[in-house]
Amino acid sequence: LLWKSDVAGAFRAIPIHPLWQLKQVVTANIASMMEGGSKEDKSTWIRYVDWRACFGSCGSPRAWASLMGLVVWIAICVLHMAFLCCYVDDCYSVGIVGDMEWYEPYHVFFPTNQTRLLYLWDYLGIPHKLKKQVWGEVLIIIGFLVDPNKLTATLPAEAKADLVEHVRDFALTPRRRRSLHEFEQLAGWMNWALNVYPLFKPALCNLYVKMSGKSRAHATINLNKPLIEELLWFVEHVEASSGMLFFANIDWNPFTEANLTIFCDASLTGMGFWIPDLNVGFTCAVDGDVMRDKIFFWEALCVLGAIQWYAESGLTFLATPECPVRLAVFTDNSNTVCIFDSLHALPEYNPILRAAVDLRVKHNIDLRVLHISGEDNSMADALSRENFDFVRAHSSNMVITPFSPPRTTLGAVKK
């Protein structure tokens with residue numbers, strides 16, 4: 001089961017320095033003009049000095065993080081409460097069904113570690129209320145419905161609908177202009193959703209490019225075509241997705257647990273990838289003149305070509321979102337590894353990531369792209385250069401076939 005405990009008031013539990021209190025003087029009981037009051041008459045005014053941290057101050061979260069960080073450290077290192085997590089003022093963890101302990105102040109049973117945490121808060125003087133102390137086999141944690149037994153996290157239907165509506169309205173703004181503040185709000189909301197939609201991170205590419213270097217909150221920013229396309233791409237995928245993240249699919253060893261392993265490489269004359277388990281190789285010629293300053297693009301495009309081949313090969317027909325097929329791709333280009341691992345790239349390379357995500361979602365492919373040294377990637381290198389003598393010398397019966405990458409990603413080459 002899961003349990004969650006929430007502090008009452010959070011920031012308001014922190015006293016602040018007297019010099020800062022001077023900035024938090026609140027004036028009350030000011031008579032309005034309708035009540036016959038005037039600016040000169042201050043006889044009825046009452047001033048209060050707020051000595052606690054307030055909501056809305058940029059310093060309050062920092063002060064609270066210092067305090068709560070120490071509290072969590074005590075719980076983990078002194079009381080030995082394993083697996084305790086904290087997000088701002090929410091502490092949560094897992095427990096075993098039936099492992100309960102009586103909490104006398106509320107006259108109720110809680111999971112054992114939740115009871116111990118509440119007693120710690122009582123000892124430290126941290127306020128809390130009964131209605132915010134919850135537990136169950138399925139629980140909402142920071143806005144996500146988490147099931148510890150199925151190892152899933154889901155975006156509730158209402159939250160999903162609100163997200164889709166907001167992103168679509170933003171993308172289809174009639175005047176195609178929004179303020180920097182609205183851009184930042186959208187980025188924050190979408191980033192939060194990426195906790196259960198991690199594959200859709202490429203939708204943020206042009207959003208952050210548009211915000212880069214700007215600081216005036218109310219200055220408007222133009223929504224260009226690439227940004228609108230990415231936002232609508234995000235909306236399309238979120239609407240079609242179940243909104244469920246399977247934690248069991250995150251942790252696997254690409255060296256020993258992959259269903260298939262592919263080696264990729266690109267040269268000044270072409271691209272090639274090799275599948276040792278099937279003893280097949282694929283080549284694709286490219287324009288060498290265009291290629292000279294675009295080797296990174298072709299390396300990334302080759303990986304996309306390998307993913308496309310796997311998706312269309314029929315080897316993924318039994319895959320499901322709950323049990324995807326596992327594909328390991330090796331390349332000797334570290335930049336390619338980086339963008340596929342982070343799902344973050346410059347705008348000219350972002351179409352490659354989006355196309356890869358489209359294939360992964362449609363065919364339920366769990367992908368790992370890893371680095372390999374050039375010396376250990378000689379077969380894929382030979383295929384990219386069409387050095388078939390080398391290939392035949394090492395594998396005389398290899399079947400070599402031409403391939404074509406997705407055409408929608410070739411726009412970056414023209415720039």
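Guide: This is a predicted model. Leaving aside neighbours within four places in sequence, leucine 327 is in contact with Trp252, Leu260, Ile262, Ile307, Tyr310, Ile365, Asp366, Leu367 and Arg368.

Visitor: What makes these residues count as being in contact with leucine 327?

Guide: Contact requires heavy atoms within 4.5 Å.

Visitor: Which residues have the most contacts inside the largest nonpolar core?

Guide: They are Met190, Phe234, Ile262, Met271, Phe273, Leu327 and Phe340, in a core of 81 residues. Helix H9 (residues 295-312) gives the largest share of this core, 12 residues. Apart from it lies another core, of 23 residues, among them Ala53, Met68, Val71 and Ile126.

Visitor: Why is asparagine 377 called buried?

Guide: Buried means under 20% relative accessible area. Asparagine 377 has 2% relative accessibility, so it counts as buried. This residue is found in the loop between E19 and helix H12 (378-384). Leaving aside neighbours within four places in sequence, asparagine 377 is in contact with Phe263, Cys264, Asp265, Asp332 and Ile372.

Visitor: Which residues are closest to the centre of the largest pocket?

Guide: The largest pocket has a volume of about 920 Å³. Of its 31 lining residues, Pro198, Leu199, Leu245, Arg360 and Asp366 are the closest to its centre. E19 supplies the largest share of the lining, six residues. By class, the lining has 19 nonpolar, seven polar and five charged residues.

Terms used
Residues numbered from 1 in each chain as written. Predicted model: local features only at pLDDT ≥ 70, side-chain atom pairs only at ≥ 80, totals over all residues. Heavy atoms only, no water. 1 Å grid on protein atoms, 1.4 Å probe; cavity = no way out; pocket = protein on both sides within 12 Å on 5 of 7 lines; lining within 4 Å. Points joined across faces, edges and corners; volume = space filled by probe spheres on them. Helix = DSSP H or I, 4+ residues; strand = E, 2+ residues; numbered from the N terminus. Nonpolar A, V, L, I, M, F, W, Y, C, P; charged D, E, K, R; others polar. Core = buried A, V, L, I, M, F, W, Y, C linked by side-chain atoms within 4.5 Å. Buried < 20%, exposed > 50% of the residue type's maximum accessible area, 1.4 Å probe, protein only.
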